[in-house]
Amino acid sequence: MIPVHTGLRRTSSIVHASFLALALLLSWAPAQAQDSQLPSIGGHGGGLISGQQEAEIGQQVMISIRRSAPRITDPLVFDYLTAITYRLVPSAPLQQRDLTLALIDDPAINAFAVPGGIVGVNGGLFLNAATEQQFASVLAHELAHLSQRHFARRLEQQETSAPLTMAGMLAGIILSAVTQSDVGIAAIAGTQALAVQNMLAYSRAHEQEADRVGLDILATAGMDPRGMPEMFEIMMRQNRLQGNQVPEYLSTHPLTQSRVADTRNRAEQYPDRRIEDGQEYHLIRNRLQVRYATSADVAVDTFEAYLNRDDARPSDAIRYGLAVAYQQNNQPAQAIALLQKLLERNPNRITFQVTLAETMIGEKRIQGAKDILKQALARNPGNYPITYTLAEAEIADGNGAAAAEHLKQLTRQMPGQEHLWLRLAEAEGLARNIVGVHRARAEYDALMGDLEAAQRQLRQAQEKLPAGSPQRQVVTERLAEITGRLNARRNG
């Protein structure tokens, strides 16, 4: 494995801040009873929180993540994560299947799921999961926690504990968001550490249930359940290597040798049909290996060594990793030559096309990049990585209006991706569409939880539009919606 830099260690605290936001909302809003087929594990019969409350919790958690957590916005990586997650979703007993994915920029192993359909994954999960089956097993486990609503049930078990203080929790979350530091988290931990730790750690029974449900999800989705005990063994090895520093994932998902053995035994009960990994997993994994390498030249040396080994036939995934390393190491000619050879063998591979276009954009070969992307988009209408990279090519070519059209399409497909709204605002500015800038900025501000700023942006857009025009009507309706949310927050 390529040596990894470790300069992104705040993420585990930030993820804790998101869970703290969750705990705050759960402790503040009274639990509402509703019908459920879930078994009661040590509860007091008070019922679970409502679906509406869970949705509000999810929104607050995502605002916290957007404000404070470093994110991977690479469309190729996000597109793969979306594809593998939604391969599993139909096999998961979820009440709510519209998920929000958070891709955290940190090389440590971690993944999490919180009410409201939020599933988060660290980039480091790709580094540590050697196979797609292992990677998918962590996602399946988190989907199982969501499907069984374990956090809500955990809260029900804790109802006799001292309640978390709303004002203190809010202050800590706001401090964390504003200062971009651990100050707010430390303020919370000073008074609520024990209660929070009890909330965050899943119980042994919940973990066993998530293992069991997760294995079923994997098998039903056509993936290998044996990937789960394999991944657990990787985590156990890491735990032994790190000594007193328990990996973040294991601090909230306790793992024991007996649990690993139990999961292995359960996995062996499924039909023994070894599933081949999809090539895309290894392409994305190698792309992230380069991202987290201690330096680009180390990544080049590592992949060149892989390619020149005598004991194995090098794969296209290794060649692709070397091409990305060349790209990041300011060796564009070598990257382009290697990517063109890969495309000769795999002419319609989107990952190769997009990476080649990215490299050509960096070399100011804009028209060539646009030609590749337009042909690819004609075969794959609406594809996220192709469309986004084509928008980047248009921006590099000074064509803001064309870029804005591509980005508008993406914001319709993925309205919760705040970086798309920010890039759309930049494209509209390049096109001198000031109303478009205000509207895009308003959506970005709303996703970041700054409703006052969103309101200001929409008012400025409204003032620049003629009375009675359809566009003004759209802006006015959105302004009324944002104002309503702002008033509800102030009055609540």
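Guide: A word on UniProt features to begin: their positions are given in the numbering used here, feature names are shortened, and annotations may be inferred rather than shown by experiment. This is a predicted model, in which local features need pLDDT of at least 70 and side-chain atom pairs count only at pLDDT 80 or more, while totals for chains, interfaces and linings use all residues. Residues are numbered from 1 along each chain as its sequence is written, and side-chain values use heavy atoms, with hydrogens and water left out.

Visitor: Where does UniProt place the feature "binding site"?

Guide: The unreviewed UniProt entry puts that feature at H141, H145 and E207. These residues are spread over 67 residues of sequence, yet they cluster in space, with a largest C-alpha distance of 8.6 Å.

Visitor: In which helices do H145 and E207 lie?

Guide: Helices are DSSP runs of H or I with at least four residues, numbered from the N terminus. H145 belongs to helix α5 (residues 132–147), and E207 to helix α9 (residues 204–220).

Visitor: Is H145 buried or exposed?

Guide: Buried means under 20% relative accessible area, exposed over 50%, and partly exposed in between, using a 1.4 Å probe and protein chains only. H145 has a relative accessible area of 2%, so H145 is buried. E207 is also counted as buried, because its relative accessibility is 1%.

Visitor: What joins the side chains of H145 and H141?

Guide: A polar contact is a pair of N or O atoms within 3.5 Å; within protein, one must be able to donate a hydrogen and the other to accept it, and residues adjacent in sequence count only if both atoms are side-chain atoms. The side chains of H145 and H141 make such a contact at 3.0 Å.

Visitor: How is a pair of aromatic rings described?

Guide: By the distance of the centres and the angle of the planes. Rings of Phe, Tyr and Trp (its six-membered ring) pair if their centres lie within 6.5 Å; planes under 30 degrees apart count as stacked, over 60 as edge-to-face and the rest as tilted. Searching the whole structure gives ten aromatic pairs. In one of them, the ring centres of Y384 and Y388 are 6.3 Å apart and the planes stand at 75°, so this pair is edge-to-face.

Visitor: Where do Y384 and Y388 lie?

Guide: Both are in helix α19 (residues 384–396), four residues apart, about one turn of the helix. Y384 and Y388 are both buried. Elsewhere, Y80, F126, F135 and Y281 form one aromatic cluster.

Key. Helix = DSSP H or I, 4+ residues; strand = E, 2+ residues; numbered from the N terminus.
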